[in-house]
Amino acid sequence: MSAYVIAIVFLLLILLAGYLFLSHSIEKRRNQRQRVITALRARRNAFRDLATGFPTGFLSHDLTALLYRALVDCCEQLSILEPKDPTHAEQSNLYTNLLSTHKEGSQQPKVRLDNPKQIKEAGQLLQELHKFVLQQSASKVINQVQTDAYTDQIKRLVLQMSVDGHIFNARQSQQVGKIKLAVHYYTLARKALAAENNGHGFDKQITQLDTVIAKLQEKADAMPEGAENKDAAATQNKSSAEGGSSKEWKQFNEENDKWKKKQIYD
């Protein structure tokens, strides 16, 4: 009799362990599914903002097409994970149609951002687009040539925004008579371009900045000593203003370097 009871207890323990293991597995899959849904929704929202929240011509023709394909991909995955939500299929159709229309259109005139808030927001969203490119490359959805082309376009756009941000700050400083501070910001813009000018593609912009800096430096050298100290204090107080666009540029370079190292190891 005792052996019979022991066998029953042992069986119950096995069943209990199995139930707990199954419950844990189900909960783990549920949490994982929810994390994927949350990540896809966040990516969809970010790409939607990048596609619709900035002037036409800010993104190149190729990057806009990539963005629509990314939005279609997000919506299709969400439609599979949440089949009862009809908005995913509707949005997938919408972005598919926009992609088709975009392919038939021509390249829009290039537009630059001149609003620091927009520059910072665009930098963060482009980081997400770059991550998507790397994921697509790792999954072999796009080849290395396409990966390099997309990465180069995003990199150039982020660099130009960083430069434009510095130039905006420089012009603002000029308007309020802070010549030395303007020189400081123009110099930051020149350094950013010079660091990426191996192919001499930024020679014209660098030359223009050299001319502006030289003229302003002449004015700065003629300023009284008291005014120079005032500008120096302003430079220190506004140091956080430099961090917006240039921070995104630094993060992009770090992320790209990690990807290149990973490719070498692979």
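These are my notebook entries on a predicted model of a protein.

**Entry 1: the overall fold**

I began by counting elements. The protein has 9 helices and 0 strands. Reading from the N terminus, I wrote the order down as α-α-α-α-α-α-α-α-α.

Next I looked up how much of the chain is covered. Of the 266 residues in the protein, 36% are buried.

**Entry 2: an aromatic pair**

How many aromatic pairs does a search of the whole structure find? I got 2. The pair I followed up is F47 with F132: the ring centres are 5.8 Å apart and the planes meet at 80°, so I noted the pair as edge-to-face. The cut-off I needed here is that planes over 60 degrees apart count as edge-to-face.

Where do the partners sit? F47 belongs to helix α1 (residues 2-52) and F132 to helix α4 (residues 116-138), so the pair links parts of the chain that are 85 residues apart. I then looked at their cover. F47 has a relative accessible area of 0% and is buried. F132 is at 2% relative accessibility, so F132 counts as buried too.

**Entry 3: a histidine in α3**

Is H88 buried or exposed? Its relative accessibility is 0%, so I put H88 down as buried. The cut-off behind this is that buried means under 20% relative accessible area. H88 is part of helix α3, which covers residues 86-104.

Then I listed what touches H88. Leaving aside neighbours within four places in sequence, the contacts of H88 are R41, R44, C75, L78, S79 and E82.

**Entry 4: a cavity and one of its lining residues**

Now for empty space. Rolling a probe the size of a water molecule over the atoms shows where such space is left. My search gave 1 cavity of 30 Å³ or more. The largest cavity has a volume of about 60 Å³.

Which residues line the largest cavity? I noted F58, K110, V111, R112, L113, L157, Q160, M161 and D164. Sorted by class, that lining has 5 nonpolar, 1 polar and 3 charged residues.

D164 lies in helix α5, and at 10% relative accessibility D164 counts as buried. Setting aside neighbours within four places in sequence, I found D164 in contact with R112, L113 and I119. D164 and L113 are 51 residues apart along the chain, yet their C-alpha atoms are separated by 7.4 Å.

Most residues other than glycine have a negative phi.

K140 is not a glycine, but its phi is positive, about 65°. I found K140 in the loop between α4 and α5 (144-175). K140 is at 71% relative accessibility, so K140 counts as exposed.

H200 also has a positive phi, near 60°, and is a residue other than glycine. The loop that holds H200 runs between α6 (179-195) and α7 (203-221). At 55% relative accessibility, H200 counts as exposed, because exposed means over 50%.

Terms used: Residues numbered from 1 in each chain as written. Predicted model: local features only at pLDDT ≥ 70, side-chain atom pairs only at ≥ 80, totals over all residues. Heavy atoms only, no water. Helix = DSSP H or I, 4+ residues; strand = E, 2+ residues; numbered from the N terminus. Buried < 20%, exposed > 50% of the residue type's maximum accessible area, 1.4 Å probe, protein only. Contact = heavy atoms within 4.5 Å. 1 Å grid on protein atoms, 1.4 Å probe; cavity = no way out; pocket = protein on both sides within 12 Å on 5 of 7 lines; lining within 4 Å. Points joined across faces, edges and corners; volume = space filled by probe spheres on them. Nonpolar A, V, L, I, M, F, W, Y, C, P; charged D, E, K, R; others polar. Phe/Tyr/Trp six-rings, centres within 6.5 Å; stacked < 30°, edge-to-face > 60°.
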